[in-house]
Amino acid sequence: MADSQIHVALAGNPNCGKTTLFNLITGANGYVGNWPGVTVEKKEAKLLSDKNVTITDLPGIYSLSPYSPEEQCSRDYLMSGEPDVVVQVVDATNLERNLYLALQVIETGLPVVVALNMADLVEKNGDKIDTDKLSKKLGCPVMMISALKNKGIKELFEQVKKSAASKGQVPEHKFDSSIEDVLDHIENNLPASVPANKRRYYAVKLFERDDKVQAELNLNKELLDHIDAHITDCEKEMDDDAESIITNQRYAYINGVVDKAVKKKPRTENLTASDKIDQFVTN
Ligand code: GDP
Ligand code: MG
């Protein structure tokens, strides 16, 4: 039945293991083509364990800013209304970089399940990741998996099905209050046709002066000028441009989250001779 179909989007940075996961869970016998209008590969296939679940492998990207065809395809698909849930694949050995994208995907309002991939390497390195803490700080479920070793995959898809039936999460991350004030103001001025769970995403994009979103929402000039005056005030106050303000605050938040949720085993073998002497002396 059409309404029991679930569409899952696989999102993540390049090299986080999306293709390994995709091949494992689908057997890799699906559709391979291009995204509309561009020569960026699109792969889609049914989940081996449940034919009602369709998986779409999105191009590997670093951000949802539309500066490359890959980023544009990914965000167009996420905002298209087709995916019911996103599996955000994260290289758990490179959390800061990967969670920067995860934070933005969570902001789309779509239900997200974060899959911390490469669990085998994390274990081998002797590091500890507190997934409950990460989950609280991000506002969505976080699970450890290894696509290569086929670990945690069944549990992941049990959660994915639950999340697909949910309304999505409210992001835990908040920007500084002067930015949040402008975001609230923008949200309140968005057309009524923008659904509740997507309003924050669009407000942030308008704050960043994303011209594609400005065009897509078709806001009148008066409203755009009004919004711009608020953004400019904020830029003066923070002495930075709007896009950098957003980027820096996202990184700062992620750094704090990783700091609290990850315990790295000290890598003595990587220390230089003088580091070792310092350690010896201070001990
Ligand atoms: P993609 O760019 O996100 O599609 O990443 P790939 O699936 O091509 O994987 C990138 C590299 O990471 C490959 O060498 C994979 O074998 C490896 N890889 C993927 N998943 C895992 C994992 O769970 N554990 C380990 N150790 N390596 C993995
Ligand atoms: Mg790939």
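In E5, which residue is the bridge partner of valine 8?

Reply: In E5, valine 8 has valine 85 as its bridge partner. This is a predicted model, in which local features need pLDDT of at least 70 and side-chain atom pairs pLDDT 80 or more, while totals for chains, interfaces and linings use all residues; side-chain values use heavy atoms, without hydrogens or water. Residues are numbered from 1 along each chain as its sequence is written, and chains are lettered from A and ligands numbered from 1 in the order in which they are written.

Strand E1 (a DSSP run of at least two residues) spans residues 6-12. E1 pairs (at least two DSSP bridges) with E5, residues 85-91, in the parallel sense over 5 bridges. Strand E4, residues 50-57, also runs parallel to E1, to which 5 bridges join it.

A backbone N or O atom of cysteine 16 lies 3.2 Å from one ligand oxygen, and a polar backbone atom of lysine 18 is 2.8 Å from a ligand oxygen. Threonine 19 contributes a side-chain N or O atom at 2.7 Å. The protein covers 71% of the 580 Å² of accessible area (Shrake-Rupley, 1.4 Å probe) that ligand 1 has on its own.

How values were computed
Buried < 20%, exposed > 50% of the residue type's maximum accessible area, 1.4 Å probe, protein only. Helix = DSSP H or I, 4+ residues; strand = E, 2+ residues; numbered from the N terminus. Polar contact = N/O pair within 3.5 Å; in protein donor to acceptor, adjacent residues only side chain to side chain.
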